[in-house]
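Hello,

Here is the structure I promised to pass on. Please have a look, and my notes follow below.

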Amino acid sequence: MKHIPNIFTLLNLFFGCIAILYVLQPGLIPLYNNANNFLVPDVNDTGTQYISIPEKMCMASLFIGLAAVVDFLDGFVARLFKATSEMGKQLDSLADVVSFGAAPGMIVYQFLRLSYAQQENGLDINVVWLLPAFIIPCAAAYRLARFNVDKEQSFGFKGVPTPAVGLLIASFPLIFWYGNIAWFTTLLLNKWFLYGVIFIVCYLMLSTLPMMALKFKSISIKQVTPFIILVLIAVSSALLFGWLAVPITFLAYVLLSLLVKQPEQ
């Protein structure tokens, strides 16, 4: 029984590896028309103006989402079977580096490629301009290592949790191909926006800003209200904006965490 939680943790890692595999599959390929103008792949196109290709990146988003589900469940299962251990804690962080650090970093890397591909000779861009995407897994690894040695994060987090950042970035392919939100699609093709995302999410992970955690010292209206507000924002934005609800909920989580006083450890 004591190894059941570790199986869930390893499943998190397994899904993260599959996500990376899908990111590396063909899909983010720049397409050009007869006039040599760059075209954004559009899976909903009729074929008269764009060339439709299978998009693997969205499958990466799916597996990062599945990794998040089992990442949540492994702690629950560990408490259920009273099988919490220091090894399980370390194993969980190692899995999170892959699923919510490396895999999202690869997604940003591919979007940077697509962004530069719009420029003249963009396909020949020096790889140095793409490497900032890998600051994300580095920041995730540092944040997780700090969490493992910090004994003061029982009922709240210092810095944004790595899975939250992973889910935020995992939403980008879904918004890009299925969101039908032109202005956000344009942003995802802007290299400066992508560099900004890298800087912001890494800062949020490495910061010591107090963030909410789904853990309570005691159940009270004051403690539960922020989570109820967050759920309402997530559900309403999902109904109104589809996949754009993920970035909206992420922003709401950060703002609520900063506005609401976190419980003493």
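Buried here means under 20% relative accessible area, exposed means over 50%, and partly exposed is in between (1.4 Å probe, protein chains only). This is a predicted model, in which local features need pLDDT of at least 70 and side-chain atom pairs count only at pLDDT 80 or more, while totals for chains, interfaces and linings use all residues. Residues are numbered from 1 along each chain as its sequence is written, and side-chain values use heavy atoms, with hydrogens and water left out.

Two serines first. Ser237 sits in helix H8 (residues 221–241), and its relative accessibility is 4%, so Ser237 counts as buried. Its side chain reaches the backbone oxygen of Ala234 at 3.1 Å. Beyond its neighbours within four places in sequence, Ser237 is in contact (heavy atoms within 4.5 Å) with Gly242, Ala245, Ile248 and Thr249.

Ser257 belongs to helix H9 (residues 245–259) and counts as buried because its relative accessibility is 1%. A polar atom of the Ser257 side chain lies 2.8 Å from the backbone oxygen of Tyr253.

Now a helix pair. The axes of H1 (residues 4–24) and H3 (residues 86–116) come within 9 Å and cross at roughly 15°. H1 and H3 are therefore roughly parallel to each other (angles under 35 degrees count as such). By class, the contact of H1 with H3 has 15 nonpolar, seven polar and two charged residues.

Best wishes

Conventions. Helix = DSSP H or I, 4+ residues; strand = E, 2+ residues; numbered from the N terminus. Polar contact = N/O pair within 3.5 Å; in protein donor to acceptor, adjacent residues only side chain to side chain. Axes fitted to C-alpha atoms, helices over the stretch in contact; angles between N-to-C directions. Parallel < 35°, antiparallel > 145°, perpendicular 65-115°, else oblique. Nonpolar A, V, L, I, M, F, W, Y, C, P; charged D, E, K, R; others polar.
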